Amino acid sequence: MTTAAHHIEKETLRGLMQPSLFQWMTRTLGDWCLAVFPIALYGVTRHPAAFVFAVIMTGIAQHRLALMAHEGSHYRASRNKTLNDMLTGIFALWPFGN
């Protein structure tokens, strides 16, 4: 059994690696929603199952925010390094106290 090596054109790869502020902010906002909405659900219902759900979803959201902080550390949020660092610090690292 042989495996075929897949080849990606250099220009295609370069295009995929470009920073996208819209994509980074959209994903980061989604991660915040993933944490906030289950907590709000528990706040409204006070049901033990909602509490367990909120804890699990908040943990997942924190992991995803850490991934977005990692992307920001590689300047994948914005081409402007100052803006990149500011957005990464406020929206992705702040929840961790960094």
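Student: Is Asp31 buried or exposed, and what is its relative accessible area?

Tutor: Buried means under 20% relative accessible area, exposed means over 50%, and partly exposed lies in between, with a 1.4 Å probe and protein chains only. Asp31 is buried, at a relative accessible area of 1%. This is a predicted model, so local features need pLDDT of at least 70 and side-chain atom pairs count only at pLDDT 80 or more, while totals for chains, interfaces and linings use all residues. Residues are numbered from 1 along each chain as its sequence is written, and side-chain values use heavy atoms, with hydrogens and water left out.

Student: Where is Asp31 found, and which residues does Asp31 touch?

Tutor: Helices are DSSP runs (H or I, at least four residues), as are strands (E, at least two), and both are numbered from the N terminus. Asp31 is found in helix H2. Contact means heavy atoms within 4.5 Å. Not counting residues up to four places away in sequence, Asp31 touches Ala61, Arg64, Leu65 and Met68.

Student: How many salt bridges does a search of the whole structure find?

Tutor: A salt bridge is a side-chain nitrogen of Lys or Arg within 4 Å of a carboxyl oxygen of Asp or Glu. The search of the whole structure finds two. One of them joins the side chains of Arg64 and Asp31, at 2.5 Å from N to O. Arg64 lies in helix H3 (residues 48-73) and Asp31 in helix H2 (residues 21-45), so this pair ties together parts that are 33 residues apart in sequence. Arg64 is partly exposed, with a relative accessible area of 38%.

Student: Which side chains meet in a salt bridge at 2.8 Å, N to O?

Tutor: Those of Glu11 and Arg14. Both residues lie in helix H1 (residues 10-16), three residues apart, which is about one turn of the helix. Glu11 is exposed, at 56% relative accessible area, and Arg14 is partly exposed, at 39%.

Student: Which residues form a nonpolar patch on the surface?

Tutor: Patches are made of residues with over 30% relative accessible area and no salt bridge; like charges are joined within 9 Å, and nonpolar side chains (Val, Leu, Ile, Met, Phe, Trp, Tyr) within 5 Å. Accessible areas come from the Shrake-Rupley method with a 1.4 Å probe, and for residues only the protein chains shown count as cover. Here the nonpolar patch consists of Phe51, Val52, Val55, Ile56 and Ile60, with about 440 Å² of accessible area together. Phe51 is found in helix H3 and is partly exposed, at 44% relative accessibility.

Student: How much space lies in the largest pocket, and which residues line it?

Tutor: Rolling a probe the size of a water molecule over the atoms shows where empty space is left. On a 1 Å grid over the protein atoms alone, a cavity is a set of points where a 1.4 Å probe fits but cannot get out, whereas a pocket is an open set with protein on both sides within 12 Å along at least five of seven lines; lining residues have an atom within 4 Å of a point. Grid points are joined across faces, edges and corners, and a volume is the space filled by probe spheres set on the points. The largest pocket holds about 160 Å³ of space. Its lining is made of Leu16, Met17, Gln18, Pro19, Ser20, Gln23, Trp24, Arg27, Met68, Glu71 and Arg76. H2 and H3 are the elements that give two or more residues to this lining, and the largest share, three residues, comes from H2.

Student: How far apart are Thr88 and Ser73 in sequence and in space?

Tutor: They are 15 residues apart in sequence and 7.7 Å apart in space, C-alpha to C-alpha. Ser73 lies in helix H3 and is partly exposed, at 46% relative accessible area. Thr88 is found in helix H4 (residues 81-93) and is buried, at 5%. Beyond residues up to four places away in sequence, Thr88 touches Trp24, Ala69, Gly72, Ala77 and Leu93.

Student: Where is Arg46 found, and what is its phi?

Tutor: Arg46 is found in the loop between H2 and H3. Arg46 has a positive phi of about 55° although it is not a glycine, and Arg46 is exposed, at 57% relative accessible area.
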